[in-house]
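Please work through the exercises below with the sequence and the model open side by side, trying each task before reading its solution.

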Amino acid sequence: MGKREIFYALAAIIGIMGTNGANACTGITLKSNDGGVVTARTIEWGESEMENMYTIVPRDYIQQSMLPGGEIGGMAFSSMYGYVGLAVVRPEWVVDGMNEAGLTAGLFYFPGYGEYPEYNPADKANTISDFQLVSWILSRFSTVDQVKNAIGNIRVTSIDPRASTAHWRVTEPSGKQIIIEIVDGKPNVYDSELGVLTNSPEYPWQLKNLNNYVNLIPGTAGPVQFGPITLRAFGAGSGFLGLPGDFTPPSRFVRAAFLQNYSIPQDTSYNAAMQAFHILNNFDVPLGTEYPVGRAPVNMPSATQWTIATDMHDRIVYYNTMYNRTLRSIDLNGIDFANIKFQSYPLDTTKSETIIPVQIQR
């Protein structure tokens, strides 16, 4: 891709990142009875259709970060671990994926609350763009403690100052997970026992906000005696009456936390991955909800462009897209990361649903 094409790509993504309706990523984490861990998330862009692709990166592959203005001249890093990731716009802009050690990492938008350190050309050898941080993490590390120890030694920057900032979720196969948020130019690393992440505001605030919903319980509320009459629920699920259903980040965080926490633990990590897709169906954003009536800029099937679940136990990445809800899988066990070439392909070969006609017996 030439420099002009790079700037076109930057302009496209900056327009998206600057739109509040696009900042709607939702992440959950499930654990199975066989010791497996699954991280899963949605990714939303309502402004336009993105170039969504999967990327396979071999060991010893060398990448170099982009810098503000589109220059390629930042931190260079090689892959100690091969990995598979889902990318946007450019193959190296991996926003969620897993490496061969089972470590997963994902980028989530964090508008209005993050602040990267001011870019200094003298530090460009240690400077990496936010959209390449996931690639760096997957390339270099196998545990969250390693990421914790290294994150303070680099400087994260945005390719364009108009763009939204991001924060990151990193998880190892043991289930240990951290959230990285860069505020006032300094990285804050939080241990995440809950396993949920959305967008703004900052992660500690999201946890505190859960206390507003201490009254919610699974199942059906009542009946209760109310003076001379008895109050009964209209139907099942009334214990969750008051669970927020809108698409703002705080509401999605609460909804994801409760749906994840009260989901039934599955026997295998495969079943947990399948369950993750069912839970995340609750966060599929209809495009028309993000804009005033008649003002949606495009007509796509959904603002939720794709959903991913990474099975860290069996080392398999699953995904579906707004065009095709059929699950596709990439098995890292079948990839020879020592010899395979760097490659990237569109998430959808054809932009249409896979429909299997039912055969009727005559």
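A residue is called buried under 20% relative accessible area, exposed over 50%, and partly exposed in between, with a 1.4 Å probe and protein chains only. This is a predicted model, in which local features need pLDDT of at least 70 and side-chain atom pairs count only at pLDDT 80 or more, while totals for chains, interfaces and linings use all residues. Residues are numbered from 1 along each chain as its sequence is written, and side-chain values use heavy atoms, with hydrogens and water left out.

**Exercise 1.** Find the salt-bridge partner of R59, and state where the two residues lie.

*Solution.* Begin with the criterion: a salt bridge is a side-chain nitrogen of Lys or Arg within 4 Å of a carboxyl oxygen of Asp or Glu. The structure holds 9 salt bridges, and in one of them the side chain of R59 meets that of E100, at 2.8 Å from N to O. R59 is in the loop between β3 (52-57) and β4 (62-66), whereas E100 is in the loop between β7 (94-99) and β8 (104-109), so that the pair links distant parts of the chain, 41 residues apart. Finally, R59 counts as partly exposed because its relative accessibility is 35%, and E100 counts as partly exposed at 24%.

**Exercise 2.** Determine which elements are tied together by the salt bridge between D191 and K148.

*Solution.* The side chains of D191 and K148 meet at 2.9 Å, N to O. With a relative accessibility of 28%, K148 counts as partly exposed.

**Exercise 3.** Describe the salt bridge between R325 and D284 and the exposure of each partner.

*Solution.* The N to O distance of this salt bridge is 3.9 Å. R325 lies in the loop between β17 (316-321) and β18 (328-331), and D284 in the loop between α6 (269-280) and β16 (304-311), so the pair ties together parts that are 41 residues apart in sequence. R325 is partly exposed, with a relative accessible area of 30%, and D284 is likewise partly exposed, at 26%.

Conventions: Helix = DSSP H or I, 4+ residues; strand = E, 2+ residues; numbered from the N terminus.
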